[in-house]
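Hi,

Here is the structure I promised to pass on.

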Amino acid sequence: MPPLSELSPAALEDLRAGLRREYEALRSEKLTLDMTRGKPAPEQLDLAAAMLALPGNRDTTAEDGTDARNYGNLQGLPETRALFSSLMGAPPGQIVVANNSSLALMHDTLVYALLKGLPGGRGPWSKEEPIAFLCPVPGYDRHFALCEGFGIRMIPVAMTGAGPDMDAVERAVADPAVKGIWCVPQYSNPSGETYGADTVRRLAAMRAAAPDFRIFWDNAYAVHHLTAERPALPNILDACAEAGHPDRPIVFASTSKVTLAGAGLALWASSLDNLRWYLTQAGRRSIGPDKLNQLRHVRFLRDDAGIAAHMERHRDLIAPKFAAVAEAFAARLSGLEVARWSNPKGGYFVTLEVQDGTARRVVALAKEAGIALTPAGATHPYGRDPHDRTLRIAPTFPSLAEVRKAAEAVALCTLLAACETGPA
């Protein structure tokens with residue numbers, strides 16, 4: 001089929017009518033499919049089933065003699081910090097291991113900065129003029145929700161294929177009210193891109209007017225590969241230290257999509273000054289994390305090779321689902337100039353860019369047909385996509401057959417919405 005823009009009005013109307021009949025047949029199937037969130041499938045969780053018997057009722061002593069059943073060790077057990085040192089790109093002494101949610105660590109770090117201020121700053125952020133964060137778009141809706149919930153102004157910055165538009169970032173940080181930037185540097189949520197070396201270098205070296213400017217480096221997909229390739233993401237902690245800004249980055253990660261999503265470990269790493277600051281604040285909130293779970297992870301994953309082998313088993317399960325999405329979109333939408341989509345090499349999402357002005361309509365059509373998608377606009381601050389075109393597709397949780405069916409249905413809805421609107 002030629003691009004829609006080359007069809008005559010009569011041919012376009014015939015196509016629309018045919019698509020509508022196909023859509024009504026789809027609706028009659030009464031599907032119930034969910035492609036909204038990047039959750040591990042039950043089969044992925046089963047990969048870590050052996051953890052449920054660990055560490056064992058007599059295996060409760062850590063390497064340094066700590067009784068993991070008791071209070072203490074706010075920073076986390078030494079062997080657990082060592083296990084994740086490579087993943088975090090930090091020495092064990094600069095890592096904190098907490099309970100299951102890295103989002104909770106981001107929340108707490110932000111709250112502590114608002115209430116207490118950060119090393120190198122002028123005091124609590126909440127005492128200054130209304131502050132702002134830079135938000136690469138498309139981006140992660142939960143990052144945006146944190147800012148919106150605390151009244152932090154969000155400034156969208158376009159992604160380029162190798163990270164955020166650094167010219168725009170460097171202009172924006174000349175304003176002292178800009179206190180930070182959200183980054184998902186590897187297999188970004190949802191675009192799937194990995195930051196280039198020049199992007200990392202410029203983030204590390206740029207002159208920020210706020211002395212307590214921070215990079216919230218959410219490396220959620222550090223080991224979540226879909227191919228045999230391994231991206232060469234530079235170490236942000238090293239880059240910032242070499243540029244004279246050692247306190248600038250705070251790195252976050254978790255095992256939520258590695259082991260058990262509801263019973264994983266959250267990870268935090270930064271400079272020693274930032275670490276002391278964080279532990280001082282966190283020590284008022286908790287006497288220590290779940291150290292039995294930390295031992296459980298050490299016993300199960302063992303070392304870097306163990307993590308890599310475990311993630312290969314994840315890849316075997318989910319890579320076919322991403323391939324099914326790409327195949328369905330290509331079969332229905334290629335050459336029509338109504339959509340484009342990412343083919344990520346890792347992470348948990350596919351970005352689908354539909355014809356301008358139709359994303360909300362695609363979501364509505366999909367919902368009527370029994371397919372739940374993340375709301376249009378979720379990839380942008382305040383839920384407002386100025387072009388109404390970006391959708392985040394999450395293929396990991398449904399079965400392969402369900403993913404294939406849902407992707408075919410989304411492609412149909414995309415094409416129908418474009419025909420209803422007319423060529424761009």
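Before the aromatic count, one rule: rings of Phe, Tyr and Trp (its six-membered ring) pair if their centres lie within 6.5 Å. By that rule the count comes to 12 aromatic pairs. One of them is F216 with F252, a tilted pair with 5.6 Å centre to centre and 40° between the planes. It also links distant parts of the chain, since F216 sits in strand β6 (residues 214–218) and F252 in strand β7 (residues 249–254), 36 residues apart. Please keep in mind throughout that this is a predicted model.

How much area do domain 1 and domain 2 bury between them? It comes to about 2600 Å², with 60% of that on carbon and sulfur atoms. On the domain 1 side, M311, K345 and Y382 supply 24% of the area buried against domain 2, more than any other three residues. Counting contacts instead, 27 residues of domain 1 touch 34 residues of domain 2.

The polar side of this interface is worth a look too. Between domain 1 and domain 2 there are 13 residue pairs in polar contact, both residues being at pLDDT 80 or more. Which elements of domain 1 each supply at least two residues to the side that touches domain 2? They are α12 (304–333), β10 (350–354) and β12 (390–393). Of the elements, α12 gives the most, with 8 residues. By type, the residues on that side of domain 1 divide into 12 nonpolar, 10 polar and 5 charged.

On to the charged pairs. Side chains of opposite charge can pair when their charged atoms come close. A search of the whole structure finds 25 salt bridges, and the count between domain 1 and domain 2 is 4.

- R230 and E312 meet through their side chains in a salt bridge, at 3.0 Å from N to O.
- K405 and E29 also form a salt bridge between their side chains, at 3.0 Å from N to O. K405 lies in helix α14 (residues 400–421) and E29 in the loop between α1 (9–28) and β1 (33–35), so this pair ties together parts that are 376 residues apart in sequence.

Last, some backbone details. Most residues other than glycine have a negative phi, and most peptide bonds are trans. Where do we find exceptions here?

- V137 and P138 are joined by a cis peptide bond, with omega about 0°. P138 is in the loop between β3 (132–137) and α6 (141–149).
- The peptide bond from N189 to P190 is cis as well, with omega near 5°. P190 is in the loop between β5 (178–183) and α8 (197–205).
- K30 has a positive phi, near 55°, and is a residue other than glycine. K30 is in the loop between α1 and β1.

Cheers

Note on methods
Residues numbered from 1 in each chain as written. Predicted model: local features only at pLDDT ≥ 70, side-chain atom pairs only at ≥ 80, totals over all residues. Heavy atoms only, no water. Contact = heavy atoms within 4.5 Å. Buried area = accessible area lost by both parts, 1.4 Å probe. Polar contact = N/O pair within 3.5 Å; in protein donor to acceptor, adjacent residues only side chain to side chain. Helix = DSSP H or I, 4+ residues; strand = E, 2+ residues; numbered from the N terminus. Nonpolar A, V, L, I, M, F, W, Y, C, P; charged D, E, K, R; others polar. Phe/Tyr/Trp six-rings, centres within 6.5 Å; stacked < 30°, edge-to-face > 60°.
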